[in-house]
Amino acid sequence: MPALPNILAIESSCDDTGAAVLAAGNMRSNVISSQKVHSLHGGVVPELASRDHQKNIVFVVQQALQQANMGLEQMQAVAITAGPGLLGSLLVGLSYAKGLALALDVPLIEVNHLDAHILAHFIDEPKPQLPFMCLLVSGGHTQIVLVKEPLQHQIIGKTIDDAAGEAFDKGAKIMGLPYPGGPIIDQLAREGNAHAFAFNQPKVQGYDYSFSGLKTALLYFLSDELKNDSAFIEKNLNDLCASWQRVIVDYLMSKLKKAVTDLGVQHVGIAGGVAANSYLRQTLGQMGQELGVATYIPDFQYCLDNAGMIAKVAEFKFMKAQFAGLDLAPFTRG
Ligand code: KG4
Ligand code: ZN
């Protein structure tokens, strides 16, 4: 078995520019530069995102090397997110990574952003045992995935429309809160009554999800209430956030629980940006106790978009000599 390599990883799929150094199995640095510009626009503006990546990428990579106390010449591979993501954003990272790999004469490793969110569970101890079931919940994706081998993932269920993160963000927007709304809802919900308002969970077959009807239900509910009281949202903001968070999380967990029970899996985790949600984290722990299964949540820095998780997938791929050519093209959909 060859020794674990030194990898420089870059992530630029959406609105965070990330670089990380994973050296001989140790995460030596994980630098993230989050773009603030999008909050002014109520969502990520693709053109602005790629321009910011272009502006930040050199500095972020330098920071990652500096914090790792290592030089470029010590890197044995360059890893890059090839997709899914925004085309312009991906292209900035991909072009830079290709240039580096070529200049250093080391292999380029292609990483799928969704695989990376899931394999973030394998960065720190305790690591899940396989087979492992992961609820991947981010701004663009919602999937229940069965991990049979580190690089062998089977999608058991997925959203047929909006992602869970979008449900948080769009709900927040309807309530007049800034983007991204997920963390703000989480914060405001702490002071609210989660049973103040009831929203029905969407009915979708099997392990699939749907969030678009839920969002419309919130919109109609609030426009009715606002007709009677124009200050309804301000007066009930904490309760609204807590109730909205409850329906999303309870719905996510109901399908996950069914999948875990039906497939008899003993190791279960959550990943992606929404895995930062405090109520989801708490509910996962409760499910673990109830079903007698081990539950896992990656360290907070590895839940949101980051390059550390890209480096981890790349390490698995390096050990299997799965390298990309310099003709690697980005892909936008997962
Ligand atoms: O994984 P991520 O950083 O980016 C994508 O790959 O999409 O996830 C971003 C999503 C956003 O929708 C954001 O609102 C949501 O994760 N999010 C949260 C929380 N922190 C981030 N949603 C609920 N509660 C949170 N604490
Ligand atoms: Zn992500």
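The following legends describe close-up views of a predicted model.

**View 1. The two domains of the protein.** According to the domain assignment, domain 1 comprises residues 6-119 + 303-319, and domain 2 comprises residues 127-297. The C-alpha centres of domain 1 and domain 2 are 27 Å apart.

**View 2. The interface between domain 1 and domain 2.** Here 16 residues of domain 1 make contact with 18 residues of domain 2. Between them, domain 1 and domain 2 bury an area of about 1400 Å², and carbon and sulfur atoms contribute 78% of this area. Of the area that domain 1 buries against domain 2, 40% comes from Leu 114, Ile 118 and Cys 303, more than from any other three residues.

View 3. On the side of domain 1 that touches domain 2, helix H3 (113-119) and helix H9 (308-319) each supply at least two residues. Helix H3 gives the most to this side, with five residues.

**View 4. The two faces of helix H5.** Helix H5 spans residues 181-189, and its buried residues are Gly 181, Gly 182, Ile 185, Asp 186 and Ala 189. These residues lie on the same side of H5, because they cover an arc of only 140° around the axis. Pro 183 and Gln 187 are exposed, on the face of H5 turned away from its buried side.

Technical notes
Residues numbered from 1 in each chain as written. Chains lettered and ligands numbered in written order. Predicted model: local features only at pLDDT ≥ 70, side-chain atom pairs only at ≥ 80, totals over all residues. Heavy atoms only, no water. Buried < 20%, exposed > 50% of the residue type's maximum accessible area, 1.4 Å probe, protein only. Helix = DSSP H or I, 4+ residues; strand = E, 2+ residues; numbered from the N terminus. Arc of directions from axis to C-beta. Domains from an automatic or database assignment. Contact = heavy atoms within 4.5 Å. Buried area = accessible area lost by both parts, 1.4 Å probe.
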